[in-house]
Amino acid sequence: MQITVTVNGVTYTHDVEPRLLLVHYLRDVLNLTGTHIGCDTSQCGACTILLNGKAVKSCTVFAVQADGAEITTIEGLARDGQLHPVQEGFWEKHGLQCGYCTPGMIMTAVDFLQRNPNPTEEEIRHAIEGNLCRCTGYQNIVRAIQYAAEKMRSGS
Amino acid sequence: MAVTKLFGAPIKRREDPRLITGRGNFTDHIRLPGTLVMAIKRSPHAHARIVRIDTSKARVMRGVVAVYTGQDLIDKLAPVPCAWLVPDSDLKVPTYRAVAVDKVRYVGDAVAVVVAEDRYVAQDALEAIEVEYEPLPAVVDQEKALEAGAPQLYEEVPNNLAFHWKLHSGDFDAAWKEAEVRLSRRLINHRLIPTAMEPRGALAAYNPGTGELTIWCTSQNPHIHRLLLSAVTGLPETRIRVIATDVGGGFGSKIPMYAGEMIAAALSRDLGRPIKWIETRQENYVATIHGRDHVQYVDIAAQRDGTITGVRVRAYANLGAYLSTAAPGIPTWLFGLMLQGPYAIPVIHCDVFGVLTNTTPTDAYRGAGRPEATYLLERMVDLLARELRMDPVEIRRKNFIPKDRFPYTAPSGLVYDSGDYEATLNRALELVDYDNLRHQQAELRQQGRYIGIGFSTYVEVCGLAPSQAAGAMGFQGGLWESAIVRVHPTGKVTVFTGSNPHGQGEETTFAQLVADELGVPFEDVEVIHGDTEMVPFGMGTYGSRSTAVGGAALVAACRKVKEKAQRIAAHLLEVAPEDVVFENGRFFVKGAPDRGMTIQEVALQAYLAWKLPRDIEPGLEATHFWDPTNNTFPFGCHICVVEVDPETGKVTFLQYVAVDDVGNVINPMIVDGQVHGGIAQGLAQAVYEYAAYDANGQLLSASLMDYAIPKASMLPSFSVDRTVTPTPVNPMGVKGAGETGTIASTPAVVNAVIDALAPFGIEHIDIPLTPERIWRAVLERSR
């Protein structure tokens, strides 16, 4: 089946198998390997991307379902060499160790802060429940998101 | 040039820019033209004879390149090796085939392999392979596996007993006889699944033209993997290159040699094309190692005043169906040697039975043996305190090794390097405001609310080394670490380390060390790891050893570089080397600071070599293989405060305070992060995680849906603090921080929950303390 998608501002048209998962399309067809795969049951969230502005797990979407969609992956988050405040927060607050869950975690946080620009710690912990991290114990991820929230509020 | 001291600075990680922008270099990201995808068909039975395998349908599927059974691979791959041959234990190492031949022995054992053009076809082809099994009775529990009449995994391992290891120090019978208080308990330290977020995998590319195999794989120790791959494929070590630059967490699970990586290597050679194999999470759960899984019978001998006079342990360690690479060493040396903990216990008597069962093989999981020893001891100390009606703080103080007794020779034979156990305890008590907390607890109990305060005062052995000890323990390798420091003509520095960090941040901390040593800017230091073609040799990252051992190698190599640079500078400044002083990256004549040159200028001269004396070689680099004289022994005190709802069994975390002493700290931000993550994993063992098998050997918790690794909402924030007692074992005085949190936290949490439940007369509940178990225990006592 033919699909047309815009990923990080670039429009692509490809023939894909109907059963091809969006995450495999991004990684294997577009070579955007920043979107990771950590499980096969949609639990870990490593594959989270923005699909029409909303965070989704790209292992749970078929590529054909993304036909006509606007997608942002971790590679497209920084603009003009400027890190997104969430990326900056993860760096500043040591929100990552091995970095494997990080792209998905960041994409989830970006979506969340759009909806809730001034979250409490509890709200942050709840918001990232669909993203698993095995290294950090989440404490510095929470701080990273708090940093980003503050920065985005003061910037707007 | 102003150079600030970087040791101790919370510098942001240089690993992060690539990882936060999606430009990491993980194994599954590597793409080579012509790559085929490999998939493994795994046994659904825990124990069965393979009657017949029919691969004919799979072979003719479009896009399938080849299908292999165990029989097809016998001549292509030697068995999976075991590299820790624990001596004096009657160890039996049964044959461990990468792909099973006659019999499968656990759910997840490989039975066939497909190579196809893409992953979807490979998956379809796996489904098309028909395997006829004759199921055999399975045994999952290590105690049952030793009983007469139990199913036997191997003819050559009678009673499924792989080894019986002993450590008897002092006369326990006498201690027991003379004891005023005797305490006996059966404790379970249940099975866990490491669950690194990046599954394991490999991309193996054999070039038939050169006879070289390059393999990208998820490895904590690329050189060990190269050595083992050479042994199993028959390819010379010099023709194998192992690359593992970005690895998505390991926690021990990426130390061993596994079937998947071996098969990929052999099949790339067989087919002459690159082969990629990436396990699914479900495969990761059944076919990547598990950890812990002990049943322990513990006897404690003590005096009425709380003095512990002896510990006796009989432990049954579940090794799973095969002996994984380091498996025999974990429940023996890394467990038994630490049974005295931070206490001046004079007598240790330990017997460990290593048992084979129809389960996934176990091996090193974060802490590896030390959490099992620490949980045992910390739980027993609390039980003893309860028995004697002593405060858990006082009983610990009573038994601590006093700070003036270091270096301390423990009954197990280890020599503890340095310590001040009271200091971490005192600091932690201060942070939780202990006296006040006890008042609060009493008041709340009046209101029918149950809070508990749990302690864990631990010491662990890390910085795994030295090589002589490794040899005595039967570890089939040295435990040193290597480093090359290369100063380029421009004065920029590349360092090559045999450590292979995979989340621990040593690209940053090692650059801090080197920048300080050489007096060069941090930005000028490049850290290279994880590629056997670039790094001379390395033992890898595990056992909290990278900074203590790998970092020390770097510092020693830097000092060799400086020594040579000093001789060159002296020659060029026309003074004797001893008249040259080095400070902040600059060599100058003693008493004449104007007459000098920077290390960068010296480096250029070293490479130009126009004016070097004949006895100085051109170039400026040094190699050092650092073999420490001893391990390091971090310690600390963790205090956990919980509230337990007896109606539901729910545990709420109110406070978690960790005061650790890991010696000097190079980057406190990174160490704090290690501690947080470590606590999370140990806390999860206490209340959440449990690798559950049914009686037939089916893993019930075989996905992230069923195995409860903590989510953000399931964890509290941790308050982390430190005391600093440097180790004399390495020039930086650092001990190691990767495992402290995991080792310490499980008993702190459990002791807190049990303390909360004290009014119900509950003394112990086996972990994990799920709401159901707590609720049942309360219900039982309320009847």
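**Burial, fold and backbone**

Colleague: How much of chain A counts as buried?

Modeller: Of its 156 residues, 58% are buried. A residue is called buried under 20% relative accessible area, exposed over 50%, and partly exposed in between, with a 1.4 Å probe and protein chains only as cover. The model is predicted, so local features need pLDDT of at least 70 and side-chain atom pairs count only at pLDDT 80 or more, while totals for chains, interfaces and linings use all residues. Residues are numbered from 1 along each chain as its sequence is written, chains are lettered from A and ligands numbered from 1 in the order in which they are written, and side-chain values use heavy atoms, with hydrogens and water left out.

Colleague: Which secondary structure elements make up chain A?

Modeller: Chain A has 5 helices and 5 strands. Helices (H or I, at least four residues) and strands (E, at least two) are DSSP runs, numbered from the N terminus. In that direction, the order in chain A is β-β-α-β-β-β-α-α-α-α.

Colleague: Why is chain A called as compact as a globular protein of that length?

Modeller: Its radius of gyration is 15 Å, and the globule rule gives 15 Å for 156 residues; the two values are close, so the description holds. The radius is taken over C-alpha atoms, and the rule is 2.2 Å times the number of residues to the power 0.38. Along the principal axes, the C-alpha atoms fill a box of roughly 45 × 30 × 25 Å.

Colleague: What domains are assigned in chain A?

Modeller: There are domain 1 (2–76) and domain 2 (85–155), with bounds from an automatic or database domain assignment. Their C-alpha centres lie 21 Å apart.

Colleague: How many residues of domain 1 of chain A are in contact with domain 2 of chain A?

Modeller: Contact means heavy atoms within 4.5 Å. By that rule, 18 residues of domain 1 of chain A touch 14 residues of domain 2 of chain A.

Colleague: What makes A:Gly81 exposed?

Modeller: The relative accessible area of A:Gly81 is 74%. The cut-off for exposed is over 50%, so the word applies. A:Gly81 sits in the loop between strand S5 (70–72) and helix H2 (85–92) of chain A.

Colleague: Why is B:Asn159 called partly exposed, whereas B:Glu574 is called exposed?

Modeller: B:Asn159 has a relative accessible area of 41%, so it falls in the middle class. B:Glu574 has 71%, so it passes the cut-off for exposed. B:Asn159 belongs to the loop between helix H5 (142–145) and strand S7 (161–169) of chain B. B:Glu574 lies in the loop between helix H17 (546–573) and strand S22 (580–583) of chain B.

Colleague: What is the phi of B:Asn159 and of B:Glu574?

Modeller: B:Asn159 has a positive phi of about 60° although it is not a glycine. B:Glu574, also a residue other than glycine, has phi near 60°. Most residues other than glycine have a negative phi, and most peptide bonds are trans.

Colleague: Which peptide bonds of chain B are cis?

Modeller: Among them are the bond from B:Phe406 to B:Pro407, with omega near -5°, and the bond from B:Ile767 to B:Pro768, with omega near 0°. B:Pro407 lies in the loop between helix H12 (392–399) and strand S16 (408–409) of chain B. B:Pro768 lies in the loop between helix H20 (740–756) and helix H21 (771–782) of chain B.
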